[in-house]
Amino acid sequence: MPKLRRMGRQTWGAAWVVLCVAGLAGSAGLEASSAPDPQPDSHVSAECRELIADIERQLDKARQQGGNDGLLAFSRQQPNAEDCSDELRDFFRKDR
């Protein structure tokens, strides 16, 4: 009878090890697949890239001046300017 009990423990131990390894492999696979894909900037138009570069310069200038009042405003006076709202939203999300 003791021999049977020991085999049962070994079986449970082996099953536990197999489940742990499978869980670790599954977790690693999920982490690798859920990583965000880097999006190329090629879909951003030249006009939007220029606007974002101008905003970066203004932000750098404001940071250097040290006037950290928490408010910066940007405006464009071009009537036929391209809508860059999505690109600007992405830019400011990366900046946080």
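Modeller: A disulfide, meaning a pair of cysteine sulfur atoms within 2.5 Å, joins cysteine 48 to cysteine 84, with an S to S distance of 1.9 Å. This is a predicted model, in which local features need pLDDT of at least 70, side-chain atom pairs count only at pLDDT 80 or more, and totals for chains, interfaces and linings use all residues. Residues are numbered from 1 along each chain as its sequence is written, and side-chain values use heavy atoms, leaving out hydrogens and water.

Colleague: Which handedness does the disulfide of cysteine 48 and cysteine 84 have?

Modeller: The torsion about the S-S bond of cysteine 48 and cysteine 84 is about -85 degrees. The disulfide is therefore left-handed.

Colleague: How many residues apart are cysteine 48 and cysteine 84?

Modeller: Cysteine 48 lies in helix α2 (residues 46-65); helices are DSSP runs of H or I with at least four residues, numbered from the N terminus. Cysteine 84 lies in the loop between α2 and α3 (85-95). The pair links distant parts of the chain, 36 residues apart.

Colleague: Is cysteine 84 buried or exposed?

Modeller: Buried means under 20% relative accessible area, exposed over 50%, and partly exposed in between, with a 1.4 Å probe and protein chains only. Cysteine 84 has a relative accessible area of 4%, so this residue is buried.

Colleague: What is the relative accessibility of cysteine 20?

Modeller: Cysteine 48 counts as buried at 0% relative accessibility. Cysteine 20 counts as partly exposed, because its relative accessibility is 32%.

Notes. Helix = DSSP H or I, 4+ residues; strand = E, 2+ residues; numbered from the N terminus.
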